[in-house]
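Hi there,

Here is the structure I promised to pass on to you.

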Amino acid sequence: AMVTLGGMLNNMESKLTALSIGPTDVIAQTASQCFDISVWQFLAALTCGARTSIVPDETSRDPFQLLTHLERTDITILETVPALLQGLLDAVSEAGSDTAPRLEKLRWVLPTGEALPPPVCRQWLSRYPAIPLLNAYGPAECADDVAVHPILEPPPADMTHMPIGRPIEQTRLHILNAWLEPVPP
């Protein structure tokens, strides 16, 4: 997919604002360079004096290695797919609460790329209540994420899906029916 420079800059600026990214932050670069999220992961830090930590592929694919890497490198911002977020939680359970990384520097986790199950949110925020989630949604054709939803506390037990949230700055979302006609919110 080809995106405009303006669209990508808007995406990065919206993340800088939403996550309050600054010079003390370390952004994990976990995505393959073939994926749209790698662009913001590589470049956002350059715009605000933060750092980017390039996570080796073998580390980013192994939940326990990734947890250890996050802890060791003081990463503050992590974007990952919900399936890997579940893998991180499983790795913490297997390690036991005494030996699992505490992730004291991690400030935000951005689940993206697939639907975020409410049970994963509940598990994450039960284990790491001080590390909120920012559910991010957007197709590559739109320069990555176009909507975000902060999750600061575990969702209710009866919640069946997590919202994708509101449009990022300078973006509008339209819901269309099967005939590509607008439908009411």
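This is a predicted model: local features need pLDDT of at least 70, side-chain atom pairs count only at pLDDT 80 or more; totals for chains, interfaces and linings use all residues.

Ile-27 sits in strand β1, which covers residues 26–29. If you set aside the neighbours within four places in sequence, Ile-27 is in contact with Ile-21, Trp-40, Gln-41, Ala-44, Ala-45, Arg-51, Thr-52, Ser-53 and Ile-77. Leu-66 is 39 residues away from Ile-27 in sequence, and their C-alpha atoms are 13 Å apart in space.

Another strand residue to look at is Val-109, placed in strand β4 (residues 108–111). Val-109 has a relative accessible area of 0%, so it is buried. Again leaving out neighbours within four places in sequence, the contacts of Val-109 are Leu-78, Thr-80, Leu-85, Trp-124, Ile-131, Pro-132, Leu-133 and Leu-134. Between Val-109 and Gln-33 there are 76 residues of separation in sequence and 20 Å in space, C-alpha to C-alpha.

Now to a pair of helices. Helix α4 (residues 63–72) packs with helix α5 (residues 82–95) at an angle of about 85 degrees, and their axes are 8 Å apart. The two helices, α4 and α5, are therefore roughly perpendicular to each other. On the α4 side, Pro-63, Phe-64, Leu-66 and Leu-67 take part, and they meet Leu-84, Gly-87, Leu-88, Ala-91, Val-92 and Ala-95 in α5.

Next, the charged pairs. How many salt bridges does the count come to? The count comes to four salt bridges. In one of them, the side chains of Asp-145 and Lys-15 meet, at 2.7 Å from N to O. This pair links distant parts of the chain, 130 residues apart: Asp-145 is in the loop between β5 (133–137) and β6, while Lys-15 is in helix α1 (residues 5–18). Both Asp-145 and Lys-15 are buried.

Arg-107 and Asp-25 form a salt bridge too, with 2.9 Å between the closest N and O atoms. Here as well, distant parts of the chain are linked, 82 residues apart, with Arg-107 in the loop between α5 and β4 and Asp-25 in the loop between α1 and β1. Arg-107 counts as partly exposed because its relative accessibility is 30%, whereas Asp-25, with a relative accessible area of 3%, is buried. Salt bridges that share partners also join Lys-15, Asp-144 and Asp-145 into one network.

Glu-104 and Arg-102 have side chains that meet in a salt bridge at 3.4 Å, N to O. Both of these residues, Glu-104 and Arg-102, are exposed.

Last, a look at the surface. Tyr-137, Ile-164 and Leu-173 form a nonpolar patch there, and together they have about 260 Å² of accessible area. Ile-164 belongs to the loop between β6 (147–151) and β7 (166–167). With a relative accessibility of 39%, Ile-164 counts as partly exposed.

Technical notes. Residues are numbered from 1 along each chain as its sequence is written. Side-chain values use heavy atoms; hydrogens and water are left out. Patches are made of residues with over 30% relative accessible area and no salt bridge: like charges are joined within 9 Å, nonpolar side chains (Val, Leu, Ile, Met, Phe, Trp, Tyr) within 5 Å. Accessible areas come from the Shrake-Rupley method with a 1.4 Å probe; for residues, only the protein chains shown count as cover. Helices (H or I, at least four residues) and strands (E, at least two) are DSSP runs, numbered from the N terminus. Buried means under 20% relative accessible area, exposed over 50%, partly exposed in between (1.4 Å probe, protein chains only). Contact means heavy atoms within 4.5 Å. Axes are lines fitted to C-alpha atoms, for helices over the stretch in contact, and angles run from 0 to 180 degrees between N-to-C directions. Angles under 35 degrees count as roughly parallel, over 145 as roughly antiparallel, 65 to 115 as roughly perpendicular and the rest as oblique.
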